[in-house]
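Please look over the sequence and the structure first.

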Amino acid sequence: MNTHDYIEQNKQKFLDELLELLRIPSVSADSKFKNDVLKTAKFIKSSLEKAGVDKAEICETAGYPIVYGEKIVDKNLPTVLVYGHYDVQPADPYELWDSPPFEPVIKNDKIYARGACDDKGQMYMHVKAFEAMMATNSLTCNVKFMIEGEEEVGSDNLGIFVKENKEKLAADIILISDTAMIDNQTPSLTVGLRGLSYLQVEVTGPNRDLHSGVYGGAVANPINTLCEMIASLKDENNHITIPGFYDKVEELSKEEREALNSAPFDLDEYKKDLDIDDVSGEKGYTTLERTGIRPTLDVNGIWGGYIGEGAKTVLPSKAYAKISMRLVPGQKSHEITELFSKHFKSIAPKSVKVKVTPHHGGEPALTPTDSLAYAAASAAFEEAFGKGPIPTRDGGSIPIVSLFKDELNLNTVLMGFGLDSDAIHSPNEHYGIFNYMKGIETITLFYKHFAEMNK
């Protein structure tokens, strides 16, 4: 039996296992889910063992553990290090889900659940692809798995683990599925990722909440002030106004921009999917450029004062916001964090005090397109989909790509099978059954081509 037949015969089993995994609410950002996150790590370890690894272990860190597994077929064969994460984003607000986020349902051949695409569904494809190759005696490379539980909160302990386990993690290439492709008929390989600087700001006015009638108009309202400060961070062209913000941005050539915009993209369909009348962004750039090669600044959350039922005429003491900046090659997260902090404090009026607290960051990354691994991935997509993949730049961030290059001197191949419309990080996240099964098949083909090209 070949891997394709094995995958077809075990389609329902592979699907049922994923649904079981999705039922565990492994939200790393919320401590009330701690036991569930740990339970998920055990689930992954057990799955690797059943699939046929030589050994699997739960490696403790200062935070949530990293699940490691390996199968060494022959030390003379190339070694693939698979990275993924088993933690998921918070599902809030729950009331916006059409079905409970941790009770997966299948509708229109899509799996609806938190983590369905990011990253449980995509990560688990690698476990099932490995199982298929082991079951059919067709594994052509050594495989190592490193599945972490803190990606959604910044991977704070992954760097320490990588630095302390360089020999254990020695490989020829990193393989990750945590990105998207253009559509189900147009495969793509991500060759660039944006970095991230994530902060929380706190604006304090009076030393206590005040009566808005007695004090309104005479004392600064921190919410009003915070909104004005945030609004000033972009000009009328949606250009970020922080001094020095663009100084190190690597500009693409005209030819590179034309190549990027050659990817299939329907602006009307894009707007229809999001139910918006028009797009918005930095003047002078297309939607594909705005989401792939340009840095951004966005408010991810803002709060303060009274938000309960009914009315409370309060002038609040404090206001808060969470702000993220996506970064592009040339920018460094710590430098941008420092530039933001300095500027945000400088624009605050004397009537308030400002505190900026960095949360986490990550570096932008470019992956080479002239490597054997990239060629193997391209060949795998071409065999599975009947056409070669288009190289794209992804708007999201996977900070560990630059970490792997710096610490392990390894490049990464980003074989994503999600779609931009999968609503990751949003209510009603979903992942197509086609994408899940096609991903498993394509991953097995990567191993075949990678081994052949390394002979």
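Is Cys 141 buried or exposed? Cys 141 is buried, because its relative accessibility is 0% and the cut-off for buried is under 20%. The model is predicted. Its salt bridges number 17, and its disulfides number zero.

**Cysteines**

- Cys 141 has a relative accessibility of 0%.
- Cys 117 has a relative accessible area of 4%, so Cys 117 counts as buried too.
- The structure contains zero disulfides.

- Lys 128 pairs with Glu 17 in a salt bridge. Their closest N and O atoms are 2.6 Å apart.
- Lys 128 sits in helix α4, which covers residues 120-135. Glu 17 sits in helix α2, which covers residues 11-22.
- The pair therefore ties together parts that lie 111 residues apart in sequence.
- Lys 128 is buried, because its relative accessibility is 2%.
- Glu 17 is also buried, at 18% relative accessibility. That value counts as buried because the cut-off is under 20%.

- Lys 45 and Glu 49 join their side chains in a salt bridge. The N to O distance is 2.7 Å.
- Both residues belong to helix α3, residues 34-51. They are four residues apart, so about one helical turn separates them.
- Lys 45 is partly exposed, with 23% relative accessibility.
- Glu 49 is partly exposed as well, with 39% relative accessibility.
- Why do these two values count as partly exposed? They do because partly exposed lies between the buried cut-off, under 20%, and the exposed cut-off, over 50%.

- Glu 441 and Lys 438 form a salt bridge. Here the closest N and O atoms are 3.6 Å apart.
- The pair still counts as a salt bridge because the limit is within 4 Å.
- Both residues lie in helix α14, residues 433-453. They are three residues apart, so the separation is about one helical turn.
- Glu 441 and Lys 438 are both buried.

Methods
Residues numbered from 1 in each chain as written. Predicted model: local features only at pLDDT ≥ 70, side-chain atom pairs only at ≥ 80, totals over all residues. Heavy atoms only, no water. Helix = DSSP H or I, 4+ residues; strand = E, 2+ residues; numbered from the N terminus. Buried < 20%, exposed > 50% of the residue type's maximum accessible area, 1.4 Å probe, protein only. Disulfide = S-S within 2.5 Å.
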